[in-house]
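Hi everyone, thanks for making time this morning. Please have a look at the screen, and I'll talk you through a few spots.

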Amino acid sequence: MNKEIVTTGFQENGYLVIPELFCATEMEALQCAALGIVEQFDPESTRAIFSTQDHDKTKNEYFLTSGDKIRCFFEEDAFDDDGHLAQDKALSINKIGHALHQLNPDFRSFSLDPRIKHVAKLLGLQAPQIHQSMYIFKQPKIGGVVRWHQDATYFYTDPISVLTFWFAIEDATLVNGCLQVRKAGDRFLLKEQFIRHSDDTTELVTLHDKPWPEDNDATPLEVKKGSLVVFDGLLPHFSAPNLSDKSRHAFTLHITCATTKYAETNWLQATPLAI
Ligand code: FE2
């Protein structure tokens, strides 16, 4: 590794930006791999799921059984009432998840890049392990809002250890819906926990009443293609809708420390990839 990584401020701010840690070619290879998955994907294969009368239940099953698979997830309202895509497939996908790091050769070799392990260790994960990967499209015009949340809500460990690695596949700006994070301040304890019950129903449990920050009080993280943003599981963050005509592709990894106890109530129970 020839790029010095300065971790100053991570403890205080809850996040770290490493500008252009990866080169454009590396990002374009991932983009190409993601577009290839979409190209191969037959939306008719999931038509039954999205046209069923019990839509919410089957949609939830599609999500809950995706932890060890590569699946395409659609933007809200991508389908019409008959279960047909309302617009072109390539512009209808919200994200691909959640085992790209295990199953796709391009994403797997990227996830095993020594730079990622190095940063994880620098930031305190003694035994980093990847639980989840997602390729996020944030489509032009229709890429929806992602509300305020903390990622430890979905990857609870005791003690909390999850770090999110967010790679800018394309330039991310305020205009195309970049990440926005809470300004440094007093500790913001875990506000919600997403629980998967034994009968595969799910519940978002509220743990305290402190309100989320105001949107206009957030710090936007505008970053260039190839940059890495790492943030801890307690950092509140959101992204606004993408109203521009430019996509904002990103790849994310959720990494915990194997020396902590991963909750049996987390929705995702696939075997993690040690790095
Ligand atoms: Fe998040």
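Let's start with T46, which touches F41, Y62, F74 and F79, leaving aside residues up to four places away in sequence; contact here means heavy atoms within 4.5 Å. Before I go on, a word on the source: this is a predicted model, where local features need pLDDT of at least 70, side-chain atom pairs count only at pLDDT 80 or more, and totals for chains, interfaces and linings use all residues. Residues are numbered from 1 along each chain as its sequence is written, and side-chain values use heavy atoms, with hydrogens and water left out.

Is T46 buried or exposed? T46 is buried, at a relative accessible area of 4%; the cut-offs are under 20% for buried, over 50% for exposed, and partly exposed in between, with a 1.4 Å probe and protein chains only. T46 sits in the loop between α2 and α3 (47-51). Helices are DSSP runs of H or I with at least four residues, strands are runs of E with at least two, and both are numbered from the N terminus. The C-alpha atoms of T46 and A34 are 18 Å apart, for twelve residues along the chain.

A34 brings us to helix α2, where M27, L30, Q31, A33, A34, I37 and V38 are buried. Seen down the axis of α2, these buried residues fall within an arc of 160°, so they line one face of the helix; the arc is taken from the directions from the helix axis to the C-beta atoms. On the other side of α2, T25, C32, E39 and Q40 are exposed.

Now, the metal. Which residues coordinate the iron ion? They are H149 (NE2), D151 (OD) and H237 (NE2), at 2.1 to 2.2 Å. Donors are N, O and S atoms within 2.8 Å of the metal (3.2 Å for Na, K and Ca), and water is not among the atoms, so sites may look incomplete. D151 lies in the loop between β5 (146-149) and β6 (157-158), and H237 in strand β13 (residues 237-239), so the pair ties together parts 86 residues apart in sequence. Both D151 and H237 are buried.

Finally, the sheet around β13: four strands form an open, antiparallel sheet in the order β5-β13-β8-β11, where pairing requires at least two DSSP bridges between two strands. Its edge strands are β5 and β11 (219-220), each pairing on one side only. β8 (residues 179-181) pairs with β11 over two bridges, and V181 stands opposite T219 in β11.
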